[in-house]
Amino acid sequence: MPVSAEAVKHTTFVNDPLLPPSEIWRGASEALMLAPEHPWATPFEQSGGIQSPDYESTIAWLDKLVEHSKYLAKVSLGKSPQGRDIWMIVASSEGHATPDRLAASDKPSVLIQAGIHSGEIDGKDAGMMLLRDLEHGNKSELLESANLLFVPIFSVDAHERTSQYNRVNQRGPDTMGWRTNARNLNLNRDYAKADTQEMQLMLTAINSWNPSLYVDVHVTDGIDYQYDVTFGYNLSQGLSPSSFNWLDKAYRPAIESALTEAGHTPGPLVFALDNTDIRKGLSLWNPSPRFSNGYGDARHLPTVLIENHSLKPFKQRVLGTYVMLEQTLKTVGEKATGLKTAIVEDSFRHPQQITLSWKEEVQKEGWDFKGIGYSLEKSPVSGAEIVRWNGEPVTYEQLPVIGNTAPDISVSRPETYYILPQWQEVINKLALHGIRFERLQKATTLTLGRYRFDNPEFAAQDYEGRQRVTTDISLETVETTLPVGTVKISTEQALGDLAILLLEPQSPDSLLQWGLFNPIFTRTEYMELYAVEPMAADMLTKDPALKKAFDEALKDEAFAKDPAARLRWFYERSPYYDSEYRKYPVYRSL
């Protein structure tokens with residue numbers, strides 16, 4: 001809790017002169033820290049709470065901890081693009097080191113992931129302290145009812161792109177890693193498309209170790225406010241409503257109580273509608289599957305997104321994270337039955353209508369927001385009005401909240417999808433996610449639905465290594481013979497909802513919109529105009545209905561004045577036209 005009578009300017013970190021003033025914090029959780037000279041003090045504690053160790057020092061400290069441990073095992077998820085191991089520490093009362101043995105314990109497992117954005121590294125240092133206290137402190141009883149899977153650094157290459165200047169909006173540590181990986185890709189935009197080596201390893205680990213709760217630790221950007229630890233998860237409108245109820249009714253009250261008792265100020269995720277005018281209100285976020293918490297909703301893995309407040313000092317953020325992680329293990333262990341029941345209910349709910357996209361709407365309840373006072377000043381540099389936070393606590397009563405919670409585009413749930421076998425990248429992505437499928441052993445003729453695309457619009461620039469596309473769609477009923485090797489995907493499976501969001505083209509995180517099917521929008525055969533002309537004349541003579549349709553098309557003045565468009569009209573209705581052009585190579589049952 002703050003102890004000073006007024007806000008002060010901090011001077012610990014190189015960027016402190018650029019940041020707003022804030023009250024000096026003291027909290028009960030400071031008692032969690034060992035003295036710097038203690039033999040089991042973490043590098044964070046040895047520095048007095050201002051430093052976070054580099055990759056080599058982190059792993060060396062963990063190796064020392066694990067070496068003679070009763071409870072801990074160290075497992076590599078695989079290598080990063082630059083060749084570093086992505087390590088996971090497995091903590092269990094039995095000292096298990098394999099997924100099968102951990103599953104046999106019949107206890108829920110909590111997967112805690114730090115450093116998906118490696119400049120936002122609070123979770124690593126908090127987790128190191130917690131592991132130490134599980135092994136050498138008085139907290140081993142936490143493992144009697146739950147297992148811990150701890151990834152101290154997810155984006156390991158970015159972690160080593162370190163500098164004191166990497167995150168100017170964040171108050172410590174004194175040096176920190178980079179937001180994106182070595183290929184400049186954001187891992188927290190990669191869950192659905194799973195392009196990065198790191199994400200492919202993480203998804204493989206999730207499928208293998210089967211956690212019951214997934215915790216993703218971040219640090220915010222944005223406005224100033226009083227909360228130091230904010231966190232959220234999927235919404236009740238999503239695909240995992242039972243998980244939402246458990247998180248909202250069982251998990252959140254326990255976490256907020258523990259944080260408050262330890263001297264922290266917990267709150268929901270904070271996103272201002274306008275960073276220069278808090279009175280305009282706040283945004284409620286319904287994430288899509290490209291994000292960790294949206295992905296968790298789609299695959300029915302309860303997922304908590306922690307966003308520590310960047311303007312709070314590093315020590316305060318790390319200690320708040322420790323309290324939250326410790327209480328997470330307690331709550332999951334104590335309320336495991338309800339958590340497991342929620343996951344099963346969500347996994348086999350199989351709703352007949354799936355919402356693919358959402359529209360914004362004003363929420364029924366506002367928010368008494370624990371903010372910070374500010375003023376607007378005209379900048380002599382930019383000429384624009386800028387915010388000057390003064391560090392003084394202010395409660396903004398009943399701010400409006402707007403969230404993307406109104407259903408927009410939805411589709412009926414098909415029983416089955418079929419993917420033509422040549423689309424190996426897509427099929428491999430589905431396998432990576434853990435979606436079950438089978439392959440046709442013989443050519444099979446079926447009547448199915450197939451999407452046809454018109455007016456595709458490609459993004460003007462690359463986004464996350466992909467050229468995204470949106471398109472108009474129409475669903476046609478076709479009789480087709482599917483070749484041997486065609487992949488058949490039933491949606492009546494635990495990951496059926498995820499399969500739908502990845503395969504329905506109107507889903508914002510569909511593999512189509514991420515550009516994995518872009519070749520279907522390219523024409524590769526053409527008909528010369530000298531050949532189209534006599535063919536078109538013959539078609540008009542032989543087909544009165546076609547002539548009537550052409551006469552109707554000529555009423556469009558732009559079309560009538562475009563000779564190439566007129567000839568193309570006939571080519572598209574001829575047997576010479578590419579029948580697969582702009583046709584989706586994914587079929588759905590009717």
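**Ground rules.** The model is predicted: local features need pLDDT of at least 70, side-chain atom pairs count only at pLDDT 80 or more, and totals for chains, interfaces and linings use all residues. Residues are numbered from 1 along each chain as its sequence is written, and side-chain values use heavy atoms, without hydrogens and water.

**Helix 2.** I took helices (H or I, at least four residues) and strands (E, at least two) as DSSP runs, numbered from the N terminus. I looked up which residues of helix 2 are buried (under 20% relative accessible area; exposed is over 50%, partly exposed in between; 1.4 Å probe, protein chains only). I found Y55, T58, I59, W61, L62, L65 and V66. I noted that the cover over the buried residues includes helix 1 (43-46), strand 1 (72-79) and helix 4 (122-136).

**Helix 12.** I checked residues 496-503 next. Eight of the eight are buried, so helix 12 is largely enclosed by the rest of the structure.

**Strand 6.** I saw V229 and F231 point one way, T230 and G232 the other, and all are buried. I then checked pairing, which needs at least two DSSP bridges between two strands. Two bridges join strand 6 to strand 7 (residues 266-267), running parallel. T230 has G267 as its bridge partner there. Four bridges join strand 6 to strand 9 (residues 303-308), running antiparallel. In strand 9, G232 is partnered by L305.

Conventions
Contact = heavy atoms within 4.5 Å.
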